[in-house]
Amino acid sequence: NENIVANINGQKETIPLQRLIAGAHTGHLGDIDSPCYRFSRAPLPHELNYQFTVQDSGDAGDFYYLRVRQKDDQWAWSSPIFFRCHDNSDTSSAVKGTDRLSGHVAL
């Protein structure tokens, strides 16, 4: 029974998450000719998670960000993603050559 709660132009709108999983939701803030809003369909967990492995020769503390274009041409950006060595070595030293790095992103 989770809800999405939004304050749109000072008006509180509450939409059940299950409603957004079923599909997009639109509404008006007043009469038919008033400002309107649209919430896109809420993605399912398998549509959000992506795991990957990357080889990098950068220094410890380097970061990446992920930018994706969805099938519906909407865009999403992640916050910075910081990587660590799999062998749990001292991250204060530089990551060299083909050390294996990994990360997990959930947008």
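**View 1. Phe 39, a buried ring.** Phe 39 has a relative accessible area of 17%, so it is buried (under 20%; over 50% is exposed, in between is partly exposed; 1.4 Å probe, protein chains only). This is a predicted model: local features need pLDDT of at least 70, side-chain atom pairs count only at pLDDT 80 or more, and totals for chains, interfaces and linings use all residues. Residues are numbered from 1 along each chain as its sequence is written, and side-chain values use heavy atoms, without hydrogens and water.

View 2. Rings of Phe, Tyr and Trp (its six-membered ring) pair if their centres lie within 6.5 Å; planes under 30 degrees apart are stacked, over 60 edge-to-face, the rest tilted. That rule gives 2 aromatic pairs. The centres of Tyr 37 and Phe 39 lie 5.7 Å apart, with planes at 75 degrees, so this pair is edge-to-face.

**View 3. Trp 75 with Trp 77.** These two rings form a stacked pair, 6.3 Å centre to centre and 25 degrees between the planes. Trp 75 is partly exposed at 46%. Trp 77 is exposed at 51%. Trp 75 sits in strand 8, residues 75–77 (strands are DSSP runs of E, at least two residues, numbered from the N terminus).

**View 4. A nonpolar surface patch.** Tyr 65, Trp 75 and Trp 77 make a patch of about 410 Å². Nonpolar side chains are joined within 5 Å. Areas come from the Shrake-Rupley method with a 1.4 Å probe.

How values were computed:
Patch = residues over 30% accessible without salt bridge, like charges linked within 9 Å, V, L, I, M, F, W, Y side chains within 5 Å. Salt bridge = Lys/Arg side-chain N within 4 Å of Asp/Glu carboxyl O. Helix = DSSP H or I, 4+ residues; strand = E, 2+ residues; numbered from the N terminus.
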